[in-house]
Amino acid sequence: METPENFDVAVVGGGLAGSLAALAAARQGWRTAFLAPAAASDRRTTALLSGSVAMLRKYGLWETVAPEAAALSTMRIIDGTTRLFRAPPVTFRASEIDLETFGYNIPNAALLGAATDRVAGCDAIVRIPHVLAGAQTDEDGVTLTLSDGSQVRADAVLAADGRNSVARQAAGIATRNWSYPQSAIVLNFQHRLPHHNISTEFHRDTGPFTQVPLPGNRSSLVWTMRPDDVDAVMALPADALNLRVETLMASLLGAVEVEEGMQSFPMAGLIAENFARGRTFLIGESGHAFPPIGAQGLNLGLRDIEQAIERLADAGGPAEAPAAALSYDRARRIDVRSRTFGVDLLNRTLLNDFLPVQMLRAGGLAALSALQPLKILAMREGLTPRRQRPPLGRWLRQSLREKVGRQRS
């Protein structure tokens with residue numbers, strides 16, 4: 001067998017997280033092997049929060065995808081359950097925390113296309129169109145064996161190959177897995193009335209029904225339901241499907257027309273016991289996966305990328321990956337586990353008919369609606385990890401001074 005080619009970093013996985021991880025590694029000047037077979041067609045969209053949008057700007061992607069992105073200036077929750085205790089609507093406005101927008105909703109295909117073009121133009125990235133078959137870590141690096149039998153060597157591995165990650169398994173990292181009695185349908189639709197850059201999440205007995213703006217009078221939709229109902233919904237005639245979506249939207253956007261390309265998938269969760277081991281760092285869904293609630297999924301993955309690169313750089317580069325892995329594992333625990341817990345808890349309370357649980361859920365949303373400091377805290381926590389922002393008290397005092405200054409001027 002030929003001597004494996006050597007790289008500083010190997011990125012495993014050709015999706016959004018893998019593509020952005022490859023760009024991030026190359027930006028450090030590290031020679032990067034990108035193990036990325038052609039990605040499957042993806043008609044979903046992703047709501048990227050402000051920190052993730054800043055990352056797109058840094059890598060020169062934002063200008064390309066901006067025309068296909070829609071701003072998220074307001075997010076609201078409407079209790080559409082049939083339970084005895086129902087919460088009042090809760091509306092979160094970016095202006096309440098002095099932002100123009102929380103972020104942008106972007107079609108995955110557009111974002112992946114822009115990242116793929118950027119990767120192709122980067123001399124530091126060598127794209128290898130094969131999947132990973134196995135990997136062996138030794139004292140000096142990792143030998144990765146590909147599906148065609150060839151091998152490459154790398155000082156560090158960024159594993160972005162999804163829930164069934166071969167790289168994670170090769171590193172000996174265990175996971176905790178669970179499933180929900182739900183499936184989700186994702187689709188895009190046109191509507192008669194403007195959305196005014198408002199995203200609306202209806203809480204239904206079967207889970208969230210979430211509309212997110214797209215440019216023009218278009219939106220994307222994540223519709224959770226019982227698995228037994230998926231086939232019937234997917235088989236609905238166009239007119240019946242349009243009416244069903246409009247009805248569940250309470251006609252907030254008027255008449256709708258669902259576009260072609262609906263997709264469905266089961267709802268399940270996963271979290272790794274460690275987020276790095278040896279020379280392997282878990283990125284995105286190889287380390288954490290949960291229902292599409294609260295715009296946390298890919299945003300969490302992009303923070304994985306930034307912290308993995310930061311820890312490797314601080315340790316002295318990919319050759320010092322074992323030391324960086326320990327630091328990265330500690331750094332990701334609070335962010336990943338707190339968001340996994342929060343999303344899981346919210347989803348399970350929607351599915352739970354136990355009266356005290358419903359009272360707690362309704363009471364929590366009512367408190368968010370009535371108590372402005374609590375709402376501000378929730379918005380800031382959803383946007384930015386606590387370690388990257390000032391304490392709440394200092395932020396509120398600074399915000400108040402700025403508002404008073406503007407009023408006086």
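**The cavity**

Tutor: The structure holds 1 cavity of 30 Å³ or more. Keep in mind that this is a predicted model.

Student: What makes it a cavity and not a pocket?

Tutor: A cavity is a set of points where a 1.4 Å probe fits but cannot get out, whereas a pocket is an open set. The space here, about 50 Å³ in the largest cavity, is counted as a cavity, so the probe fits there but cannot get out.

Student: Which residues line the largest cavity?

Tutor: The lining is made by Ala135, Gln136, Thr137, Val142, Leu144, Val157, Ala167, Ala170, Ala171 and Thr280. Two or more of the lining residues come from each of β9 (132-137), β10 (142-146) and α5 (166-170). With 3 residues, β9 gives the most.

Student: How many of those lining residues are nonpolar, polar or charged?

Tutor: By class, the lining has 7 nonpolar and 3 polar residues, and no charged ones. Ala, Val and Leu count as nonpolar, so Leu144 in the lining goes into the nonpolar group.

**A salt bridge**

Student: Why is the contact between Asp138 and Arg153 called a salt bridge?

Tutor: Side chains of opposite charge can pair when their charged atoms come close. The rule asks for a side-chain nitrogen of Lys or Arg within 4 Å of a carboxyl oxygen of Asp or Glu. In Asp138 and Arg153 the closest N and O atoms are 2.7 Å apart, so the pair meets the 4 Å cut-off. By this rule the count comes to 10 salt bridges.

Student: What does the pair of Asp138 and Arg153 tie together?

Tutor: Asp138 lies in the loop between β9 and β10, while Arg153 is in strand β11 (residues 151-159), so the pair ties together parts that are 15 residues apart in sequence. Arg153 turns up in strand pairing too: Asn6 stands opposite Arg153 in β11.

**Strands side by side**

Student: How do you know that β1 and β11 are paired?

Tutor: Two strands pair if there are at least two bridges between them. Strand β1 (residues 5-12) is joined to β11 by 7 bridges, running parallel, so the pair passes that cut-off. β1 is also joined to strand β2 (residues 32-35), again parallel, by 4 bridges. There, Val12 has Leu35 in β2 as its bridge partner.

Student: Which strands does β5 pair with, and in what sense?

Tutor: Strand β5 (residues 74-79) pairs with strand β6 (residues 90-93) in the antiparallel sense over 4 bridges, and with strand β13 (residues 198-204) in the parallel sense over 6 bridges. Met75 stands opposite Phe92 in β6, and Ile77 stands opposite Glu201 in β13.

**An open sheet**

Student: What makes β3 and β4 edge strands?

Tutor: The open sheet of 3 strands has the order β3-β7-β4, with antiparallel pairing. β3 (45-49) and β4 (70-72) each have a single partner strand, so one side of each is left without a neighbour in the sheet. Neighbouring strands here are turned by 30 degrees against each other on average, direction ignored.

Student: What lies across β3 and β7?

Tutor: Helix α2 (residues 50-58) does, running at about 95 degrees to β3. As for the strands themselves, β3 and β7 (residues 103-107) pair over 5 bridges, and Leu49 has Gly103 in β7 as its bridge partner.

Technical notes. Residues are numbered from 1 along each chain as its sequence is written. This is a predicted model: local features need pLDDT of at least 70, side-chain atom pairs count only at pLDDT 80 or more; totals for chains, interfaces and linings use all residues. Side-chain values use heavy atoms; hydrogens and water are left out. On a 1 Å grid over the protein atoms alone, a cavity is a set of points where a 1.4 Å probe fits but cannot get out, and a pocket is an open set with protein on both sides within 12 Å along at least five of seven lines; lining residues have an atom within 4 Å of a point. Grid points are joined across faces, edges and corners, and a volume is the space filled by probe spheres set on the points. Axes are lines fitted to C-alpha atoms, for helices over the stretch in contact, and angles run from 0 to 180 degrees between N-to-C directions. Contact means heavy atoms within 4.5 Å.
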